[in-house]
Amino acid sequence: MTRSLAQALIGFVFVIASLGAGPTADAKGAKKASAAPPPGAAGPANACGCYSTGAGACLCSKKAKCGCAGECEPKGCEEKRQKEIEREITAETKKAAEADRKQRKSSADAERASQKPSADDGAKKKP
């Protein structure tokens, strides 16, 4: 008798869970449907959350993000991208200068080591 009671309880839990998931899924779908494109937008939004108008203008939502280079993007994305490129160039230039400095130092050290007089040469030069 306890086995059938446990099975009934498990079945009841699954029924309640499936009923509870139904309305939330509908509510989420309603939110997505209410996010209609702004007036004048031609076509769906791109990955950034912006719409392109028929006249070539760009309409973006407040939650729009950068990441659509060459497409309709929020204002300021191109400037952010350019600043990031400049930072990367500066970092790579510093890295190359450091490597060059280390290379010059090691070659100068090697040259000094090869020009040092040996112990035999020093003994011969002294009168």
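User: Before we start, what counts as buried or exposed here?
Analyst: Buried means under 20% relative accessible area, exposed means over 50%, and partly exposed sits in between. Keep in mind that this is a predicted model.

User: Got it. Take Cys48 and Cys68, then: buried or exposed?
Analyst: Cys48 is buried, and Cys68 is too.

User: And what do those two form?
Analyst: Cys48 and Cys68 form a disulfide, with 1.9 Å between their sulfur atoms.

User: Which hand does the link of Cys48 and Cys68 have?
Analyst: That one is right-handed, with 125 degrees about the S-S bond.

User: Where do Cys48 and Cys68 lie, and what does the pair tie together?
Analyst: Cys48 is in the loop between α1 (2-34) and β1 (50-52), while Cys68 is in the loop between β2 (58-60) and α2 (77-115), so the pair ties together parts that are 20 residues apart in sequence.

User: OK, zooming out. How many disulfides does the structure hold?
Analyst: Four. Counting bonded cysteines along the chain, the pattern is 1-6, 2-4, 3-7, 5-8.

User: What about Cys50 and Cys60, how far apart are their sulfur atoms?
Analyst: They're 2.1 Å apart, and the two residues form a disulfide. This pair links distant parts of the chain, with Cys50 in strand β1 and Cys60 in strand β2, 10 residues apart.

User: Handedness for Cys50 and Cys60, left or right?
Analyst: The torsion about the S-S bond is about 110 degrees, so the Cys50 and Cys60 disulfide is right-handed.

User: Why is Cys50 called buried?
Analyst: Because its relative accessible area is 1%, and the cut-off for buried is under 20%.

User: Next one. Which residue does a disulfide join to Cys66?
Analyst: Cys77, with an S to S distance of 1.9 Å. Cys66 sits in the loop between β2 and α2, and Cys77 is in helix α2, so to speak of sequence, they are 11 residues apart.

How values were computed
Residues numbered from 1 in each chain as written. Predicted model: local features only at pLDDT ≥ 70, side-chain atom pairs only at ≥ 80, totals over all residues. Heavy atoms only, no water. Disulfide = S-S within 2.5 Å. Helix = DSSP H or I, 4+ residues; strand = E, 2+ residues; numbered from the N terminus. Buried < 20%, exposed > 50% of the residue type's maximum accessible area, 1.4 Å probe, protein only.
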